[in-house]
Amino acid sequence: MDVTKILAAKYPAKAHAARVAAYIRAKTGVTDGVLYVEGQASGLLEDCDEPVPFRQRRAFMYLSGLDDVADSYLVHDMATAHTTLFIPPVDPEEVIWSGLPLSADDALARCDVDAVLPATELNATLARLGAAAAKNTVFAIADRVAPHVSFLGFDATDFAVLGEAVDECRVVKDEYEVALIRQANMISEAAHQAVMRNVRAAKNEYELEALFLGECHKKNAKFQAYPSIVASGRSAATLHYVHNNKEMPGKDLLLLDAGCEWKLYASDITRTFPISGKFTKESRAVYDIVLKMQLDCIAMLKEGVAWDDVHLLAHKIAIDGLLALGVLKGDKEEILKARTSAAFLPHGLGHYLGMDTHDTGGHPNYADPDPLFRFLRVRRNLPANSVITVEPGIYFCDFIIRPYLKDPKHAQFIDEKVLDKYWDVGGVRIEDNILVTKDGSVNLTDCPKDPEELEKIIMGA
């Protein structure tokens, strides 16, 4: 994939609008209407004159490609496929402090839209479109319409289907979106390797977090897709560890779950590696199980595969591996039936990836009574050109496992004496971002994960 060449073109907003319009026509039977979306509004922090950190609304980005301008609006006429972007007019007082804003000409050259107008013309344009047909519907997103916006002239308003349509259409990525995710991955991969090369000298987790962020900033990736997880030793058993401030000397592994975003599109990469540069016997044994889980699950991916089945495979491999170590005992089918493996892999295998780290369209069922699937964020067959993370893990979390040891249903399958050897491993997770294709998949994450290669990088070889 030639990322640079692909990203030299415009973000394909009009193609996205066409897909969303087709979804709405199929869902509602309304053949013509107007799509209306608002960008993120500017604002100030509470009790402060500093601006709220800005992140563009995803539906607006999807239909406009404008990722970095606040107080903007978009109208797409389904009948003519004509898209109009509305941007803030020049405010002379604001120019004194912040410089000239994006001009209409620059916005038109940059964005895949048909016209650019000042936001002061929004209501007049909506009124004209509303009166243009005998029966006309405006589709907007509930609670995402500013008080000053008027839909006078429209026969009907629908605040339900547009958000759903955008969320569902976002699941299948076009080449441009995949290139954005790949760009974010390339930057994050380099930052991960920088942490590997410096982990032996680090004294505290926050040193490595700062290093990762700095490496991303050097490549103009100023925003992270999510707060970094930099977890050493037993802290790696906390799935979404947030502290990143523990001393590291004497600990075994570092789990680094971190990824930048590029033009709002996320990367999400996890690597686990030895702080000393050498795996212990126990940590290497667990690492090998998790690596097999990941590689075998990735090999299973292709269009139409049920994500539940891939997740189930991860648990079966985890059970086989923990039985071989002696942490689990008994019949593997009985262990699976009892769901005892959820003590060591409590989360889902992965999630869709796009403008959100946990992207839309997965249809999770967090009320599922089955603990093996309750936290699975995707509960559907995977379409081609969706991007999904594959992130199996094995964790030795005291808070999770102790209740299992007290429950006879599960305790019969866990050898506590063998388990005691593995608490200091903490947790191992390996995560890549995978593009699903018709016949297989493409790994968008090219970051070392072979255990011997990791050791060589850390040791400076």
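Two strands count as paired if DSSP finds at least two bridges between them. I applied this to a predicted model.

**Sheet**

I looked up the strand order first. I found an open sheet of six strands, and the order reads β4-β3-β2-β1-β5-β6 with mixed pairing. I then asked which strands stand at the edges. They are β4 (115-118) and β6 (156-158); each has a single partner strand, so one side of each is left without a neighbour in the sheet.

Strand β1 (residues 34-38) runs parallel to strand β5 (residues 137-139), and two bridges join them. In this stretch I found L35 opposite F139 of β5.

**Helices on the sheet**

I looked for helices that touch these strands. Helix α2 (residues 13-28) lies across β1, β2 (73-77), β3 (82-87), β5 and β6. I noted its direction as about 120° to β1. Helix α6 (residues 122-130) also packs on the sheet, where it touches β1, β2, β3 and β4. The direction of α6 makes about 15° with that of β2.

**Helix α8**

I checked the span of helix α8 (residues 175-198), which has 24 residues. From first C-alpha to last it reaches 35 Å, close to the 34 Å expected at 1.5 Å a residue. Is α8 mostly covered or mostly open? I recorded it as mostly covered, with 18 of its 24 residues buried.

**Aromatic pairs**

I listed the ring pairs and got eight for the structure. F151 is buried at 15% relative accessible area, whereas F159 is partly exposed at 38%. I also traced a cluster in which ring pairs link Y36, F151, F154 and F159.

I then turned to F344 and F396. Their ring centres lie 6.0 Å apart with planes at 70°, so this pair is edge-to-face. Where do the two residues lie? I placed F344 in the loop between α12 (332-338) and β12 (387-390), and F396 in the loop between β13 (393-395) and α13 (398-405). The pair therefore ties together parts that are 52 residues apart in sequence. I noted both F344 and F396 as buried.

Key
Residues numbered from 1 in each chain as written. Predicted model: local features only at pLDDT ≥ 70, side-chain atom pairs only at ≥ 80, totals over all residues. Heavy atoms only, no water. Phe/Tyr/Trp six-rings, centres within 6.5 Å; stacked < 30°, edge-to-face > 60°. Buried < 20%, exposed > 50% of the residue type's maximum accessible area, 1.4 Å probe, protein only. Helix = DSSP H or I, 4+ residues; strand = E, 2+ residues; numbered from the N terminus. Expected span 1.5 Å × (residues − 1). Contact = heavy atoms within 4.5 Å. Axes fitted to C-alpha atoms, helices over the stretch in contact; angles between N-to-C directions.
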